[in-house]
Each structure stands twice: as C-alpha cells, then as structure tokens.
Amino acid sequence: MTAVDERGLAHYLDEFEPPEGVKAELLRGVIVMMASPDLAHNLIVLHTLRQIPMDRWYPIQTQDVDIAGEESVPIPDLLLAAPDVLPASGRLLPSQLVTMVVEVVSKSSVHQDYVVKRSIYAAGRIPAYLVLDPIMAQCVLLTRPAGDGEDADYLTQQITKFGDPVPLEVLGVELDTSDFGTYPDVRPHRYP
C-alpha cells in the first residue's frame with residue numbers, strides 16, 4: 001500500500017515552527033519531534049562528512065527529502081547528492097536526486113532508523129541507506145531498493161563493526177569508522 005498525504009500534513013510542516021533545538025519530520029503520516037542529538041552522534045556525522053570528496057558529492061545536513069507517493073518528509077542526518085543535479089534552492093529535495101542517506105541512531109530513534117525510515121527511503125528509490133549505530137557500534141549499509149510504499153525495502157544489507165572500513169561503492173569511497181564513538185551505558189537493541 002502506498003501512503004499519500006491526504007491530510008496535507010506535509011504542507012503543515014512548511015508553517016510549523018518547532019521549538020529551538022528540536023527537529024520535526026513527517027514519517028508515514030506521523031509528525032516526529034526529536035531533541036538535539038548527543039555529542040557522539042554529531043561527531044559521527046562530522047567524521048563521515050569530512051571523508052566525502054566534495055568535488056564529486058555534496059554532503060548535506062538536515063535537508064528535507066520529498067518522497068513521491070509517501071506521506072513522509074524525512075530529514076536524514078546526512079544526504080549525499082552529485083553537485084550537478086542539485087537545484088539552486090528549495091526546502092524539499094526530490095529523493096530521485098539523492099544518492100545516499102545517512103542516519104545516526106540515537107537512544108530514541110532505533111525503530112525509526114531501522115524500520116520506518118528503511119522502508120521510506122527504499123520507497124523513494126534512494127540507492128543507498130547507511131545506518132551508523134553508536135549503540136551497537138556498527139554500520140549497516142542497505143542497497144538495492146525494491147517495492148512500493150510500506151512494503152518497500154532494501155534487498156542487500158552489509159553490517160560492519162565500528163573500527164573496520166565500510167566500502168561505499170555507490171560513492172566510490174571507503175568510510176573509515178575508527179573515530180566513531182559510542183553511547184555509554186545504553187542497553188543493546190535487537191535490530192537490524
């Protein structure tokens with residue numbers, strides 16, 4: 001089943017002003033608000049961003065992604081797109097322009113990052129989705145999106161422990177994860 005924004009919630013986000021330090025995104029018809037992330041989260045994004053060759057890819061933080069046919073406007077921690085396909089401006093970036101999205105798992109986003117956004121990004125046909133998980137000290141690279149709506153998923157999954165390199169073939173880059181930190185005293189989860 002394909003979700004459609006019948007209630008106009010995506011338009012509501014244009015006018016909605018979340019409190020300072022809070023991120024609001026629309027995920028399958030539900031507005032999800034999250035507080036500012038942990039420092040370990042932000043440093044993982046920084047270490048990832050610094051390894052992207054900007055002559056070939058633009059690493060963009062907190063950009064709203066438009067997924068056609070979805071009642072979702074996710075805001076990945078990082079997205080990568082070729083500079084020559086990007087529009088000059090705009091809040092919503094069409095998913096077909098995005099080569100890879102990156103989410104860093106927080107203590108409260110495990111289900112959203114591993115289940116909800118996995119399906120949303122696959123429905124948007126984003127070629128690669130990288131989940132960086134400081135709870136489990138692992139990277140989960142998902143590729144080959146297939147299916148529609150809530151049935152969409154990635155057909156290929158590769159798990160790499162923090163400290164080992166992650167080959168990102170879609171970008172032609174090998175990601176060094178040796179500087180990725182973890183959250184102390186957080187109970188492990190059961191994903192992916």
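User: Where does arginine 125 lie?
Analyst: In this predicted model, arginine 125 lies in the loop between H3 and strand S8 (128-133). Its phi is positive, about 60°, although arginine 125 is not a glycine.

User: Is arginine 125 buried, exposed or partly exposed?
Analyst: Partly exposed, because its relative accessible area is 39%.

User: OK, on to S9 and S10. How do they pair?
Analyst: In the antiparallel sense, over 8 bridges, with S9 at residues 138-146 and S10 at 153-161. Proline 145 stands opposite tyrosine 154 in S10. The two strands make a hairpin with 6 residues between them, and glycine 147 in the turn has a positive phi of about 90°.

User: What about valine 105, buried or exposed?
Analyst: Buried, with a relative accessible area of 0%. Valine 105 is in the loop between strand S7 (100-104) and helix H3 (110-123).

User: What does valine 105 touch?
Analyst: Leaving out residues up to four places away in sequence, its contacts include His41, Tyr114, Leu132 and Tyr183. Histidine 41 is 64 residues away in sequence, but the C-alpha atoms are 7.6 Å apart.

User: Where does pLDDT stay under 50?
Analyst: Over residues 1-7. The chain's mean pLDDT is 90, and 89% of its residues reach 70 or more.

How values were computed:
Residues are numbered from 1 along each chain as its sequence is written. This is a predicted model: local features need pLDDT of at least 70, side-chain atom pairs count only at pLDDT 80 or more; totals for chains, interfaces and linings use all residues. Side-chain values use heavy atoms; hydrogens and water are left out. Helices (H or I, at least four residues) and strands (E, at least two) are DSSP runs, numbered from the N terminus. Buried means under 20% relative accessible area, exposed over 50%, partly exposed in between (1.4 Å probe, protein chains only). Contact means heavy atoms within 4.5 Å. pLDDT is the predictor's confidence in each residue, from 0 to 100. Two strands pair if DSSP finds at least two bridges between them.
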